[in-house]
Amino acid sequence: MSKENSRFSWENPLATLDTVTVTFEGEPFEVPAGISVAAALLGHTDEHFCHSAAEDDERAPYCLMGVCFECLVEIDGVQNRQACLEPVFDGMQVKRQRKVGDEEQ
Amino acid sequence: MKTRYDAIVIGAGPAGLACSAEMAARGLEVALLDEQANPGGQIYRNISKASPKQHAILGEDYSAGMELISVFKEAPVEYFPQTRVWQAEPNGDVFFSRNGGSTKVSGDYLVLSTGAMERPVPFPGWTLPGVMTCGGMSNLFKDSSLSPIEPVVLAGSGPLLWLVAEHLFALEAPVAAILDTTPQTQIFPAFKHMPRALRRFGFLLKGVKMIAEVQITALKRKVPIYRGVKDLCAEGRDRLERVQATRGKKELSFEATTLLVSEGIIPNTSLLRQVGCAHTWDPVQRFWHPDVTVDGRTNLPAVFVAGDGNFVHGAKAAEFKGRLTALTIALEMHRISRTEYLELSAPVRRQLDRELFPRPFIDAMYAPRKDLYSLADETIVCRCEGVTAGRIRALVEEGYADHNEIKAMIRCGMGPCQGRMCSSAVFELIAGHSNIPPREIRQHRLRPPIKPVSLGELANANIGGPDES
């Protein structure tokens, strides 16, 4: 399992769990099956998820229950997905939410 | 999924689960719509899939939800997880997004059991990655067994702060400090509610024991606990690096990569406001709550509200409120007789009453402190649009008198969260800087869609009705 510099770890060893492979910004990593995308990313890296709508500062999950909209990511090409409400599945491609006006080529 | 049900329940926490199962048991056709992937709401999040270790850490109050889930799973309720409701109407129409498409479904009755959320309280640095709520941390553990491995500070007031501290200690997480922001004098106004609270002595004792055990563990592990803490501040370049605060004249500073905050729980009224439920301001808890009778009725004949969404009373009370609401609707639909209703509802009412004995004490003990919203001008209030307290205060002083006007002027509350994170603070800034009594200040309006829906999805929505275009 590739793990960068996360502030969190999974309580159970991954070896004992069913896992799926999720790709974040092009880099694949293994996470326990059935967890939320937000938990998968937080357990993997302490990088931000998105930028605030008006300013350009980096944001990461705050409430983890669908209220704050600070965990917005792009999942398989669809933007504005709340990472705290989406369960992971194998082969899922997750990207940071692009900044407003930052059109993909 | 059918297009019409006897009743549509929105939210699969304790109230929604109990309500939908009870209505189904009385022969109603019931659909339960929920945002999450699994039933349980926030309190019993992921309970049907949690490991024995998760149950052991989260304790009996979490595991208590198993019975509710098993009754629900046996009941003939049509359950729709991962379903985002973005509009509801007083006539029982519900519009929602699911699997990338939008659909309309109608019910003779709606039960809104949207639960509660943590009270969002702005402070300097609260938008930094690494700052999150105590409930959020709890959800990460319930969902995913995630636990902090780098220094974490807990700050705030109320039972949730201590509960999450207890869990983090059990997980051997590196807790750097616990900062209790409850004013130390707050115990005195709470005392008058003690006699009633003592009727649930065991319940009170459990809370006292939990806090005492956290204190003992903190002492053993040399984790500092500070009381009467003020001026909380999160610092760091692109993410949290340090937590600062004051206690009396002492300045506190802790290196940490995670700060967990909790300043109490408020009803999550977004959908309730959108559908048009009347609300009342509670001056002690300082939140708006819908006007709801004990049997779940609102000002709208077809719309019922059950659970913490009507007033924050906790998970067990939410379950009882859900059942009472279900029995009321069953009576209205003539699925049970008046006599049956009285027989079935009496024991539930007694259980609910018993559950509520300690609440006035707890509510007074952890009431939001007076200076909770004494925000510095530069503190960001609206996270989405980056609007500061100073800009809002300036408009209030110019005479703008509600959040809707302020939103139109400076976009405060116009971002993706649609004011969910800023409306409590904006309201307090208006209350604090105008001469209008809080209960007369207009609430922040929510217009549909109350969840982001793409234009493509709206254009392709299967919402029935005449289509002459």
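## Make-up of chain A

Helices, of at least four residues, and strands, of at least two, are DSSP runs that are numbered from the N terminus. The model described here is predicted. In chain A there are one helix and eight strands. Read from the N terminus, the order of these elements in chain A is β-β-β-α-β-β-β-β-β.

Chain A has 105 residues, of which 56% count as buried. Among the contacts in chain A with a separation of 6 or more, 45% are made by residues 24 or more positions apart.

## Salt bridges

Side chains of opposite charge can pair when their charged atoms come close. Over all chains, a search of the whole structure finds 39 salt bridges. One of them joins A:Glu47 to A:Arg96, with 3.3 Å between the closest N and O atoms. A:Glu47 lies in the loop between helix 1 (37–42) and strand 4 (50–51) of chain A, whereas A:Arg96 belongs to strand 8 (residues 93–96) of chain A, so this pair ties together parts that are 49 residues apart in sequence. With a relative accessible area of 30%, A:Glu47 is partly exposed.

A salt bridge also links A:Glu70 and A:Arg59, at 2.8 Å from N to O. Because A:Glu70 is in the loop between strand 5 (58–59) and strand 6 (72–75) of chain A and A:Arg59 is in strand 5 of chain A, the pair ties together parts that are eleven residues apart in sequence. Are these two residues buried or exposed? A:Glu70 has a relative accessible area of 3% and is buried; A:Arg59, at 0%, is buried as well.

A further salt bridge connects A:Glu86 with A:Arg81, their closest N and O atoms being 3.0 Å apart. Here A:Glu86 is buried, with a relative accessible area of 9%, while A:Arg81 counts as partly exposed at 26% relative accessibility. Elsewhere, salt bridges that share partners join A:Asp46, A:Glu47, A:Arg96 and B:Arg239 into one network.

In soluble globular proteins, nonpolar side chains tend to be buried together. The largest nonpolar core in this model holds 61 residues, and those that touch the most other members are B:Leu179, B:Leu232, B:Leu259, B:Val381, B:Ile392, B:Ile406 and B:Cys412. Helix 16 (residues 423–433) of chain B supplies the largest share of this core, six residues.

Which residues is B:Ile406 in contact with, leaving aside its neighbours within four places in sequence? They are B:Ile392, B:Leu395, B:Val396, B:Tyr400, B:Arg411, B:Cys412, B:Val426 and B:Ile430. Another core, of 49 residues, lies apart from the largest one, and its members include A:Val22, A:Val73, B:Met132 and B:Val164.

## A helix pair in chain B

Helix 6 (residues 159–170) and helix 9 (residues 201–220) of chain B pack with their axes 9 Å apart, at an angle of about 45°. These two helices of chain B, helix 6 and helix 9, are therefore oblique to each other. The crossing of helix 6 and helix 9 of chain B is left-handed.

From helix 6 of chain B, the residues that take part are B:Pro159, B:Trp162, B:Leu163, B:Ala165, B:Glu166 and B:Phe169. They meet B:Met210, B:Ile211, B:Glu213, B:Val214, B:Thr217 and B:Ala218 in helix 9 of chain B.

Key:
Residues are numbered from 1 along each chain as its sequence is written. Chains are lettered from A and ligands numbered from 1 in the order in which they are written. This is a predicted model: local features need pLDDT of at least 70, side-chain atom pairs count only at pLDDT 80 or more; totals for chains, interfaces and linings use all residues. Side-chain values use heavy atoms; hydrogens and water are left out. A salt bridge is a side-chain nitrogen of Lys or Arg within 4 Å of a carboxyl oxygen of Asp or Glu. Buried means under 20% relative accessible area, exposed over 50%, partly exposed in between (1.4 Å probe, protein chains only). A nonpolar core is a set of buried Ala, Val, Leu, Ile, Met, Phe, Trp, Tyr and Cys residues joined through side-chain atoms within 4.5 Å. Contact means heavy atoms within 4.5 Å. Axes are lines fitted to C-alpha atoms, for helices over the stretch in contact, and angles run from 0 to 180 degrees between N-to-C directions. Angles under 35 degrees count as roughly parallel, over 145 as roughly antiparallel, 65 to 115 as roughly perpendicular and the rest as oblique. A crossing is left-handed if the near helix is turned anticlockwise from the far one by less than a right angle, and right-handed if clockwise.
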